[in-house]
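Here is a short briefing to read alongside the model. Please keep the sequence and the 3D view open as you go.

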Amino acid sequence: MEAAARRRQHPGAAGGAGAQPGASFLQARHSSVKADEAAGTAPFHFDLWFYFTLQNWVLDFGRPIAMLVFPLEWFPLNKPSVGDYFHMAYNIITPFLLLKLIERSPRTLPRSMIYVSIITFVMGASIHLVGDSVNHRLLFSGYQHHLSVRENPIIKNLKPETLIDSFELLYYYDEYLGHSMWYIPFFLILFIYFSGCFTPTKAESSAPGVALLLVMPSGLYYWYLVTEGQIFILFIFTFFAMLALVLHQKRKRLFLDSNGLFLFYSFALTLLLVALWVAWLWNDPVLRKKYPGVIYVPEPWAFYTLHVSSRH
């Protein structure tokens, strides 16, 4: 009776010895997972980075070129162009590759932020698809990218004048709202992924040869993205955030792995190319008029319509 009363007063006494091993096992397992995550280092994802770079060049950089190359009879002006189909493919493939990158990260990254960023990215890229499609089709009617909407010869004499407001709204969706909702989550996802690209082993902080080979086409594409997308401020903020994170992690004796080095080298090359591009066109009076202010980063397509297509 007394033993039963003691068991009722201290119910954990009998099961305590059995409960402690279970709790110890869970704690040990949790600690081992944390240790594995801290020490884990992903190999260089050559397949993903190669596909990512290839589709960026073909589907993003190549779409306005494809619109000019393919015969107009195949894609009438009142139907989607070949470049629009390129853009649709880009809007599907890019989020998929970004999600695959996140899956291969050796660290646990904030999933909710990733999903919201992917959704916003797709929405922004889709808005841009429509605006960019119409703006590039206007090239066949004499639209000049190096001029503002109201200064374009084919637009400034439109009647009623409220039609010009509609074209300016289209330009806003294309160049401002679409770009913001496209590129902000894009760079945010890359930065979140970059934050997981650190290793405690300095010997693993090196880029293989294939990574160095991809740096040039990758950095050159980001140059096009920054200049044509007019997102220099977003890019430079992301780059310096990456640099600050590298210096902060270095104090903890954590070093960039091969994937992190590839991203960092690509962005560093992009910054160099943007600086050379701006220096080359620094004294161009026409482009200076279109891009006033402290931040002067001309668009490649504006340069093309001003200095290349006008000669033909």
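Predicted model: local features only at pLDDT ≥ 70, side-chain atom pairs only at ≥ 80, totals over all residues.

The linings of the largest cavity, the second largest cavity and the largest pocket each draw at least three residues from both domain 1 (42–195) and domain 2 (200–311).

**Confidence**

- Please take care with residues 1–39, where pLDDT stays under 50.

**The largest cavity**

- The largest cavity contains about 120 Å³ of space.
- It is lined by 15 residues, of which Arg63, His128, Asp132, Tyr224 and Glu228 are the closest to its centre.
- Four helices each provide at least two residues of this lining: α3 (46–69), α5 (111–137), α6 (162–195) and α7 (209–229).
- By class, the lining of the largest cavity is made up of 6 nonpolar, 4 polar and 5 charged residues.
- If you colour the model by domain, you can look for at least three lining residues of the largest cavity in domain 1 (42–195) and at least three in domain 2 (200–311).

**The second largest cavity**

- The second largest cavity holds about 90 Å³ of space.
- Its lining includes the charged residues Asp132, Glu175, Glu228, Lys290 and Glu299.
- Also in the lining of the second largest cavity are His136, Tyr143, His145, Leu147, Tyr171, Trp301 and Ala302.
- At least two lining residues of the second largest cavity come from each of α5, α6 and α11 (300–308).
- Sorted by class, the lining of the second largest cavity has 5 nonpolar, 2 polar and 5 charged residues.

**The largest pocket**

- Of the 22 residues that line the largest pocket, Glu175, Tyr176, Gly229, Gln230 and Tyr291 lie closest to its centre.
- Two or more lining residues of the largest pocket come from each of α6 and α8 (232–251).
- Helix α6 makes the greatest contribution to the lining of the largest pocket, with 7 residues.
- The lining of the largest pocket divides into 14 nonpolar, 5 polar and 3 charged residues.

**Helix α11**

- The buried residues of α11 are Pro300, Trp301, Ala302, Phe303, Thr305 and Leu306.
- The cover over the buried residues of α11 includes α3, α7, α9 (258–280) and α10 (285–290).

**Backbone details to check**

- Lys159 and Pro160 are joined by a cis peptide bond, with omega at about -5 degrees.
- Pro160 sits in the loop between α5 and α6.
- Gln230 is not a glycine, yet it has a positive phi of about 55 degrees.
- You will find Gln230 in the loop between α7 and α8.
- Arg253 is another residue that is not a glycine but has a positive phi, here about 60 degrees.
- The loop that holds Arg253 runs between α8 and β2 (255–256).
- Arg253 counts as exposed because its relative accessibility is 59%, over the 50% cut-off.

**Asp165 in α6**

- Asp165 is found in helix α6.
- With a relative accessible area of 38%, Asp165 is partly exposed.
- Asp165 and Val149 are 16 residues apart along the chain, and their C-alpha atoms are separated by 9.2 Å.

Definitions and conventions: Residues numbered from 1 in each chain as written. Heavy atoms only, no water. 1 Å grid on protein atoms, 1.4 Å probe; cavity = no way out; pocket = protein on both sides within 12 Å on 5 of 7 lines; lining within 4 Å. Points joined across faces, edges and corners; volume = space filled by probe spheres on them. Domains from an automatic or database assignment. pLDDT = per-residue confidence, 0-100. Contact = heavy atoms within 4.5 Å. Buried < 20%, exposed > 50% of the residue type's maximum accessible area, 1.4 Å probe, protein only.
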